[in-house]
Structures are given as structure tokens and as C-alpha cells.
Amino acid sequence: MPVIKDVVCSLCGCLCDDITVTVEDNKIMGVKNACILGHSKTVGVQTHDRIKTPMIRKDGELVEVTYEEAIDAAARILANSRRTLSYGWCSTSCEAISKAIQLAEETGSVIDSTANVCHGPSALATQEKGNPGATLGEIKNRSDLIIFWGCNPIHAHPRHMTRYSSFSRGFFTPNGRKDRKMVVIDVRKTDTAKRADKYIEIEQGSDLLLVTALRSAINGHEAAIPKNVAGVSKAEILGLAELMKNSRFVSILFGMGITQSRSKYKNGDAVSSLISDLTQHTKAIMMGMRGHYNVSGFGEVATWETGYPMAIDFSKGYPYYNPGETGANDVLVREEVDAAIVGAADPGAHFPQKAVRHLARIPLIQIDPYPNPTTELADVVIPAAVVGIEVEGTAYRMDAIPIRMKKLIATEFKTDEEILKDLIVKVRELKRGEVTCQSY
Amino acid sequence: MKIKANLISGRTTKQGANLEAKTYKSYFEACSYCELNSVDLDKLGAYEGNSLKVTSEFGEVVVFAKANDGNPKGLAFIPMGPWANTVLNPDTHGCGMPGLKGVPAEIEITDEKPLDMKSLMKKYLEN
């Protein structure tokens, strides 16, 4: 039975590249090394519901059509829209992302990634104060203090701790977990917190206060710290500050607890300042625990091509960027867009009710391999191949390292890239009367 | 009896394993519940599996009750997904990110049953 080694898992930002997949008669027969999330994704290509054919909503029901009819209907929506939202593109390849950006430019759309409900505020924070980061390999080989802040990798990134952080054996940490201290800062005792040397429970939404108190302690201003900050005692804050200063390599790995809570990007901004303070005593880095496997890739490709990592508005004829104004949720909540195209993402499941309500009202195009809540609202549904399993492509790991994903099995489905190329051609034809079949 | 709670959402392994199987019952089971400290559940007179109505200024949703003593008293957790998002804060406060954690909510026991995914989404089409 053919065995494909070093397969890259296309589920979360860890992009684990040591998966072994057995394939026979174009079917996945076995998956080794993957976590529960990656295993489900890989075998799910055959076992989960797929969107089997393109569909268009007629009289309230989705009716099967050909790819050509769906592309035509989608292109007409885009060509007739005065202000379109293009959203998602983080569970697909960089090659497809590049085409999604080109389509957004062609249609004068706002294009945003899933970072809008994930690490968007982290991008803003690093623009304000910088991103003192590292590769996951550096963390694995060097870090002797791992701090998980507002994240729960046991659930969201199940192999992170064994491959790259707490439990991994590195060059300077040959004994793995014994050579590292692990601290978890969170609002509840998560499964990750249960495995920590030290669990610090903070009051929800008070992260900025705790970061500020830690900075005071590290900078020698202990007297300025009250007895209790964010529900954490002064003694505990001073203890953590000492532990940080006396470690060789401190890694602060943070998640949605930081980005989705009160203070939002100011939390990440403050963590970046904390890293700066710490580097006067030791080596320290920060890293966002990225969710979708190629959300980092969207940030990279969008930045090369437009100068901005997300929430890019092409309506002025040039890239304009102002999250809070041009973010996906902003334009939906203000009921500003009159059509939307969603690819490789599911705002129906992951956006708050007011944004979903507007998505339900406007013409909505979905490109995805799988039916999901967004499908229930969509007017045109176009099925796509699964990148990293049915088609190869490039993705960026959470530490911005590009990795080439493999094709494991063949498929009849069009790729995201092909669908987007078809849409660009059709939109140009409709808007300008051009017939530019192979001009891309 | 109602309790006031601070509502957060987040990932779980089961929610993640069903990310691409959202039409399945396993996704419904993975995301349509609210975790509370067992002391809070006792206050409500609720057992695991009972229905709870979670209400915020942004909406209301019915989910199953689940105990998790890792949650401090007064902290409610619903896995990320369409059930949680029915009651979370859409305001992005000028930086693009909605308030998906830290929403004041009231929780009470109810006889209603949680809606499955398709029924929940249908409500958006009706409004």
C-alpha cells in the first residue's frame, strides 16, 4: 500500500509536517502522527459531508447547477455589487489567496481574513510596538520558560506542546518538560492549565492590568504595584517577574484570551513592551497561537501585494486599510456591503448575530469543500478541492515559515485558485465587455 | 431563578474535530452547550443535559448545561460556533474585532430545546 511520509497537516497554525498517510485506489486508508483535529480533517475528505456540486438558490432552495452556471451567477453578483465583502481565504493556499486579492481589486471590494475574529488585534499590536518573535524551532531548542497566556493549546493546537514547546526535547532542553517551566495565565483552569507548573487565574478582561504590573516589577518599580492586580496577588506577580528574569529564554505564547477581550490590541501591544523590558535581563519572545493553518499566509501575501495584512478596502482604487472601519465585521454590522463572497471560512458559524443577519440579507457566494452554517445563507455555492489533501500549495506556519503542502489523492473538484481565476475572467467580461479567457 | 454570568467563548477539541462536519450531530453536540461551575448549576437547579436559556443584550440562545469546575463561579463558557455567537457582542470597538469574550449574560433553566444548526441559521433568513 503506498505510504506518503512527511505530509503537512492543513488544520491549525502548527502545520505539523510529519504526518504519514496511506493511500490505496485514491482513498486515504490510514493516518499516523496527526492529532484528533488533523486526523478528522484528513479522513474527513472522504467521510464528512461534501458540497457535491455547484448550487444556486432558487425559490429559497439550493438547486444543483454546473460549475459554469455557478461561476456566471457569482460573477454577476460581484459585477452588480456597489460594495462587496470578500472574506476568509485562510484554509487555502497562498496561491489562491493571491487570486482572491486580485478579484477583490478587480471588483473594488473590501477583503478581510479570518484574523478578523482571531489575531487581527495582534497584527495591530505588532504594528504599534513590533513583533519580537522566533521560529517554533528556536522555542523548541532554547526556551526554558513557556507562558501560555489566554490560550488552550491542548484543545486548539493539540501537538504544539509535544512538537514545539512544553514537552518537546530541544538542543538546550534535552530533557524536555524537565528542562522547562510552564506557566498558564487564564480566566479558567483549562486542560492546559492543569499541566502547568504554575497556573495564574486572572479576572476576565484584566490582561492589560496584569501585563502592566509585570512590567513594573521587571523594571524595578515594585512599590507601584497594589496588593492585588487583576485578581492576582502582588506576591504572585513578583514571583512570576523573577521567574521571567531568571530564565534563559522566555516564550509568551498568546491566544484569543488576549485578542477578543477588553483592551483588544492594546493587550498585545503591552505584551510587546513587556518583551522589550524583559530583554534587558534575558532573551524573550512573543507569538500569537494562530488558528487556521494559513491565516499567517494571508497576512504575508496581502502585505506583499497591498502593503496591509488584512481588512483591505479597494473601493478607492488603491489599497486602503483601517480595521474598525474596513474589517469584515465592521462593514457587515454597519450594513454597508451589498454582496459578499466567502472562501475557505465560515462566518455563518463564527461571526456575531448582527453581522450574520446582514449576510443573510445580501447576495452571498460561498466557495468551500464542506457545507456549513454559511451554506444555509448562501445564494451561490461552489464546491472546492481540499488544499493539502487533494491539491498542493503553500501555507505559512504560525511563525511565518512557509511550508509546501502535498497532494495526496486526485479529485474532480476545481481548486480555489481555478475558481477564482474563472471568476476574475468572468467579472472582467461582464464589467468591461472584455473576453480575456487566458489573460491571467 | 436566574444567575448573572460573564460569558466567554473559545475552542475545544471536539469543536475543532468537527470544524468540517458542521452538518453532523457531532458538531451540534460539540458546540451547543454552556459550561458553568457546578455551584452555579446548583443555584439554577440544573443538571448536566438540562436546557439553559442564555440571554444577553444582543440576543438569546438555548443550549445544554454542562458542569466544569475549572470555571470560576460566575464564568460561563460556550464553545465557539453559531450558538455562542447568537449572544456575543458584535461591536468591534474601532479595531475590527467583535466582543467574543466578556459579555454580561443571564442564565436560567428552560423547557425549550436547543435548535440544530440548520434551524438556528434559518432564523437569520426569516429575520
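The lining of the largest pocket splits into 12 nonpolar, 11 polar and 3 charged residues (Ala, Val, Leu, Ile, Met, Phe, Trp, Tyr, Cys and Pro count as nonpolar, Asp, Glu, Lys and Arg as charged, the others, Gly among them, as polar). This is a predicted model, where local features need pLDDT of at least 70, side-chain atom pairs count only at pLDDT 80 or more, and totals for chains, interfaces and linings use all residues. Residues are numbered from 1 along each chain as its sequence is written, chains are lettered from A and ligands numbered from 1 in the order in which they are written, and side-chain values use heavy atoms, with hydrogens and water left out.

**Exercise 1.** Find which residues lie closest to the centre of the largest pocket.

*Solution.* 
- Start with the space: about 550 Å³.
- Now go to the centre: of 26 lining residues, A:Ala123, A:Thr126, A:Asn131, A:Arg290 and A:Glu300 are the closest. (A pocket is an open set of points on a 1 Å grid over the protein atoms alone, where a 1.4 Å probe fits, with protein on both sides within 12 Å along at least five of seven lines; lining residues have an atom within 4 Å of a point.)
- Finally, H12(A) brings the largest share of that lining, 6 residues (helices are DSSP runs of H or I, at least four residues, numbered from the N terminus).

**Exercise 2.** Work out which helix gives the most to the lining of the second largest pocket.

*Solution.* 
- The space here is about 420 Å³.
- Of its 20 lining residues, those closest to the centre include A:Arg57, A:Glu376 and B:Lys118.
- H5(B) gives the most, with 5 residues.
- By class, this lining has 6 nonpolar, 5 polar and 9 charged residues.

Technical notes:
Grid points are joined across faces, edges and corners, and a volume is the space filled by probe spheres set on the points. Helices (H or I, at least four residues) and strands (E, at least two) are DSSP runs, numbered from the N terminus.
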